[in-house]
Amino acid sequence: MIGTSPATYAPEAVRKSLQGRQRDIKGFAFRAGLLAALLVTVALLAVLISDVVSGGWSVLSTRPIDFLTGSLSSSAATAGIGQGLRGTFFIAVFVVLVAFPVGVGAAIYLEEYAPHTRFTRLIDVNIRNLAGVPSVVYGILGFAIFVKALGAFTGPNANGRTVISAGLTLAILVLPIVIITSAEAVRAVPDSLREAGFGVGATRWEVIRSHVLPYAGPGILTGTVLALARALGEAAPLILVGATTGFLSGGDSYRLTSLQDKFTAMPMIIYNWAGRPQPGFKAATAAAIVILLAVVLMANATAILLRNRYEKRR
Amino acid sequence: MVQGSAEPPVFDAESLQGARGRFRKEAAIRRVFFAAAATSIVVSVLIILSLLGETWTFVTQVDYSSLWTDGWFPRRGMYDVKTILVGSILVTVVAMFVAGPLGMGAAAYLSEYAKPRVRRTLKPILEILAGIPSVVLGFFALTWISPEIVQRLNSESSLFNLMAAGIGVGILTTPLVASIAEDAMRSVPHALREASYGMGARKVTTSTKVVIPAAVSGLVAAFIIGISRAIGETMVVAIAAGATGGSLFSLNLFEPGQTMTAAMASMAAGTDAVKGAGLTFQSLFFVGLLLFLITLLLNVSADRFVRRVRQKY
């Protein structure tokens with residue numbers, strides 16, 4: 001009895017399953033399903049890009065200069081995006097000038113200075129919540145504060161509906177993104193670097209300036225570029241702040257005095273043209289999208305490449 | 001004894017402190033950084049104040065029967081909240097039917113199956129998709145998704161419809177869901193996976209029975225943040241769902257409709273000052289506050305889930 005071989009205890013089925021050689025159909029199907037999800041997402045991106053490029057090609061190939069420099073118009077054949085590019089340019093300037101210093105400053109305070117108090121935690125939670133507030137709500141903020149309350153400063157002759165209001169609103173909109181990404185970059189700086197600085201008698205600011213910021217620089221830059229790309233593509237706040245969509249006289253001046261005039265911007269033009277029924281505007285919208293995508297995706301790609309490069313180095 | 005060293009140099013606490021000016025500068029810099037951080041609180045306060053002011057006017061002056069009528073036509077004094085609330089919910093449900101499976105699936109593949117080289121190429125593509133402006137997806141939803149997908153499935157569907165808008169919002173939300181879900185699954189310690197393999201479990205068993213349950217808080221958070229993003233999404237709905245003037249209460253996905261966000265955009269768009277019957281302007285702020293509170297609630301609860309993952313690992 002004791003001498004019975006183990007094989008008698010292991011029925012055929014059990015032995016087979018222990019071999020693990022039969023096809024893993026369930027596993028294969030699972031893997032294929034996951035891959036399909038990823039590929040569908042990628043395919044949608046490809047369809048989207050080919051759709052707008054082929055839609056806008058007729059405009060971009062026949063009158064590229066005219067389209068890039070022209071003014072808003074009710075006729076699709078002559079409409080151009082020059083004024084939109086100008087508005088988007090100034091919005092970018094405001095975002096860089098306002099959101100970048102304030103955002104990086106806030107990140108440095110939270111990571112380097114902040115004591116572990118209730119107030120610090122409140123700021124932290126608050127920033128994460130701000131990052132989730134819908135952009136249209138920021139539009140209301142921009143409308144109430146920059147257009148109404150500060151209208152005399154942002155644009156006395158345009159009811160406050162100027163690129164200053166739009167730029168400040170979008171700077172506030174992306175501020176949480178700049179803070180969160182910069183704080184991550186600052187947090188990733190090894191403590192040994194800071195201790196080396198403190199060890200030779202440097203003050204906190206000296207350590208930050210000479211050790212922390214140079215090390216965190218690429219990460220901070222990545223976050224800023226991502227935030228900038230986000231700001232350039234936002235349309236909802238612009239609607240609330242009151243970007244012009246119809247006829248806009250002037251509006252393509254790059255002089256500083258023109259900041260207090262009415263304005264429009266790329267996403268606003270796209271929103272307005274997309275709603276127009278004339279067939280010519282469909283091509284013009286697609287062409288405008290190609291230009292906006294080129295700017296936004298280039299900024300994004302730069303940021304992603306930058307980050308991957310520095311991640312690898314460490 | 002060598003001459004001149006009769007008195008050893010005296011160090012006391014004062015001489016080690018360094019220059020006064022250096023401390024003053026240090027304190028000033030600290031205050032500047034603190035001001036930058038405090039700006040975020042100011043922004044929150046300003047958002048709430050700018051919403052509350054006009055909302056108060058609306059709530060105190062509106063005829064409450066006009067909040068429950070047949071549709072949302074602010075310019076005619078019909079503020080049926082359920083029309084736009086249901087519109088938002090419908091769009092969000094459609095969006096999550098797209099973004100949930102696509103985002104979670106993509107995340108699971110990238111985290112569990114993809115070889116490093118594949119990951120390095122596919123992840124940036126997802127990130128590029130995340131950077132596509134919402135107006136662009138709105139145009140895509142109107143000119144491609146609606147005729148090529150929705151109208152093929154249902155030939156009676158109008159060109160402007162909530163379905164296409166929902167799918168568009170879903171595509172927009174997918175990279176966000178994928179990115180948060182992938183973070184959650186990657187933060188599951190390798191030891192757990194190895195223990196599972198050690199028991200003889202296959203990859204699929206390990207993924208579904210070990211990794212996903214371990215990361216479930218993060219996955220729930222990803223889903224909630226996706227919902228919050230979808231509810232707050234404005235431009236796709238404003239372009240692809242039509243109904244710019246207003247909308248009757250409807251549950252039909254294949255007809256034009258309006259969400260809270262699109263209602264706000266259409267009230268503000270086109271006119272130099274928001275015009276219409278008495279409280280149109282104020283209703284914009286009322287809807288804004290409603291939207292703010294809903295997304296705040298979702299974000300706070302998602303934050304809870306995220307923190308639970310962090311505490312565990």
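Guide: Happy to. A residue is called buried here if 20 or more other C-beta atoms lie within 10 Å of its own, with C-beta atoms placed from the backbone. By that rule, 47% of the 314 residues of chain A are buried. Please keep in mind throughout that this is a predicted model.

Let's meet the chains before we look at their contact. Chain B is built with twelve helices and three strands. Of its 313 residues, 47% count as buried. Take the contacts in chain A with a separation of 6 or more: 74% of them involve residues 24 or more positions apart. For chain B, among contacts between residues at least 6 apart in sequence, 78% join residues at least 24 apart.

Now to the part you asked about. On the chain A side, 69 residues are in contact with chain B, and 69 residues of chain B take part in return. Helix α2 of chain A, residues 25-62, supplies the largest share of the chain A side, with 17 residues. Sorted by class, that side of chain A holds 48 nonpolar, 14 polar and seven charged residues.

The crossing of α12(A) past α5(B) is left-handed. From α12(A), the residues involved are P267(A), I270(A), Y271(A) and A274(A), and they meet V135(B), G138(B), F139(B) and L142(B) of α5(B). That contact of α12(A) with α5(B) divides into seven nonpolar residues, one polar and no charged.

A single residue gives another view across the chains. I172(A) sits in helix α8 of chain A, residues 163-187. I172(A) counts as buried because 26 C-beta neighbours lie inside 10 Å. Setting aside neighbours within four places in sequence, I172(A) is in contact with Y138(A), L141(A) and, from the other chain, V43(B). I172(A) also lies 8.2 Å from V98(A), C-alpha to C-alpha, although 74 residues separate them in sequence.

To place all this beside a contact within one chain, turn to chain B. Helix α6(B), residues 162-186, packs with helix α9(B), residues 216-232, at an angle of about 155°, their axes 8 Å apart. That angle makes α6(B) roughly antiparallel to α9(B). Here α6(B) passes α9(B) in a right-handed crossing. Among the residues of α6(B) that make the contact are V169(B), L176(B), I180(B) and D183(B), and those of α9(B) include L219(B), F223(B), I225(B) and R229(B). By class, the contact of α6(B) with α9(B) has twelve nonpolar, three polar and two charged residues.

Notes:
Residues numbered from 1 in each chain as written. Chains lettered and ligands numbered in written order. Predicted model: local features only at pLDDT ≥ 70, side-chain atom pairs only at ≥ 80, totals over all residues. Axes fitted to C-alpha atoms, helices over the stretch in contact; angles between N-to-C directions. Helix = DSSP H or I, 4+ residues; strand = E, 2+ residues; numbered from the N terminus. Parallel < 35°, antiparallel > 145°, perpendicular 65-115°, else oblique. Left-handed = near helix turned anticlockwise from the far one by under 90°. Contact = placed C-beta atoms within 7 Å. Nonpolar A, V, L, I, M, F, W, Y, C, P; charged D, E, K, R; others polar. Buried ≥ 20, exposed ≤ 12 C-beta atoms within 10 Å, placed from the backbone.
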